[in-house]
Amino acid sequence: LIEQATERLRQVMSAPDPMMMELSISKLVAQGGADETFQLLLEANRDQAAAAGATGPAQLMDRLLKKTKTEIQRSKSPGQALISQLISEGDRLKRIELLTEAFTPVESLILASEDDKNKEPEPVVKPPDFIEIAKAMIRNFGNVKLGDGTGLKDRVMEIVGEAEQVSTDIYGESMTAEEQQDRMWNDGTISVFDLETLEQQAEAMGETMPWHGEMDESKFIEGFNKQGIKNIGG
């Protein structure tokens, strides 16, 4: 890996000027070649140059490293970019602000077709998608330590708690499946518009409506099956 990273860095450095080097970095990121080893190599070269008093080369390596990180951030999905930003943000209030901005539904400014005009406003990052990204990060990198010594798992769990609070503030407290069933029972009837609203609220909170997935047969009226057909005989 170090040999491959060294060769990629050599190719980047062969460009005639820093701007062309940054262009090479952009291409490298797009090709998936700016991996962690490559970034560590840039950091090592920067630190060695700085320790030797070579200010110019150190600044160049730092510039290329920042360009690499910026391009990698740009290539991520909105949810991945958001959680990366939140992990590096130590101010809780600032994290809340970022989450609120990402979770709040907004109307698209670009309408590709006539059908787009009828679309409901959507958030940049849907809360359920964000939670799934957080889970994956804990599974894959839970043992990693951050620069301040904090475990990545602990930081992500803290962010998940903040995300759930922000989501509740925006979309409201989600009802449990039993509460949803009770409401429909007490109302006697429920319109398709109410059903749609309940589904959207549940989806936003990462929950499943009682009419989705497997059903609890203990909830059925005695003598009837899942399809509402009366059982005949044993």
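1. R8 and D35 form a salt bridge, with 3.2 Å between the closest N and O atoms. The two partners come from distant parts of the chain, 27 residues apart: R8 sits in helix α1, and D35 in the loop between α2 and α3. A salt bridge here is a side-chain nitrogen of Lys or Arg within 4 Å of a carboxyl oxygen of Asp or Glu. Helices are DSSP runs (H or I, at least four residues), numbered from the N terminus. R8 counts as buried, at 16% relative accessibility, while D35 is partly exposed, with a relative accessible area of 27%. Buried means under 20% relative accessible area, exposed means over 50%, and partly exposed is in between (1.4 Å probe, protein chains only).

2. On the source of these values: the model is predicted, local features need pLDDT of at least 70, side-chain atom pairs count only at pLDDT 80 or more, and totals for chains, interfaces and linings use all residues. Residues are numbered from 1 along each chain as its sequence is written, and side-chain values use heavy atoms, with hydrogens and water left out.

3. The structure holds 13 salt bridges. One of them joins E43 and K69, whose closest N and O atoms are 3.9 Å apart. This pair also links distant parts of the chain, E43 being in helix α3 and K69 in helix α4, 26 residues apart. E43 is partly exposed, with a relative accessible area of 24%, and K69 is partly exposed too, at 41%.

4. R95 forms a salt bridge with E158, and the closest N and O atoms are 3.1 Å apart. Here the distant parts are helix α6, which holds R95, and helix α8 (residues 152-171), which holds E158; the two residues are 63 residues apart. R95 is buried, with a relative accessible area of 2%, whereas E158 is partly exposed, with a relative accessible area of 39%. Elsewhere, a network of salt bridges links R46, D47, D62 and K66.

5. E162 also lies in helix α8 and counts as buried, at 4% relative accessibility. Setting aside neighbours within four places in sequence, E162 is in contact (heavy atoms within 4.5 Å) with R92, R95, I96 and L99. The C-alpha atoms of E162 and R92 are 8.6 Å apart in space, although these residues are 70 residues apart in sequence.

6. Helix α2 deserves a point of its own. Its 13 residues (residues 18-30) should span 18 Å at 1.5 Å a residue, and this agrees with the 19 Å between its end C-alpha atoms. The expected span is 1.5 Å times one less than the number of residues. At the N-terminal end, D17 caps α2, with a side-chain oxygen 3.1 Å from the backbone nitrogen of M19. Just after α2, G32 takes a positive phi of about 80 degrees.

7. Which residues of α2 are buried? They are M21, E22, I25, S26, L28 and V29. These residues lie on the same side of α2, because they cover an arc of only 165 degrees around the axis. The arc is that of the directions from the helix axis to the C-beta atoms. An α-helix has 3.6 residues a turn, so residues three or four places apart point the same way. M19 and A30, on the other side of α2, are exposed. The cover over the buried residues of α2 includes α1 (2-13), α3 (36-51) and α4 (55-75).

8. How many aromatic pairs does a search of the whole structure find? It finds 1 aromatic pair. The partners are F103 and F130, in an edge-to-face arrangement with 5.7 Å centre to centre and 75 degrees between the planes. F103 lies in helix α6 (residues 92-103) and F130 in helix α7 (residues 127-141), so the pair ties together parts that are 27 residues apart in sequence. Rings of Phe, Tyr and Trp (its six-membered ring) pair if their centres lie within 6.5 Å; planes under 30 degrees apart count as stacked, over 60 as edge-to-face and the rest as tilted. Both F103 and F130 are buried.

9. P128 is also placed in helix α7. At 18% relative accessibility, P128 counts as buried. Its C-alpha atom is separated by 10.0 Å from that of A163, 35 residues apart along the chain.

Notes: A polar contact is a pair of N or O atoms within 3.5 Å; within protein, one must be able to donate a hydrogen and the other to accept it, and residues adjacent in sequence count only if both atoms are side-chain atoms.
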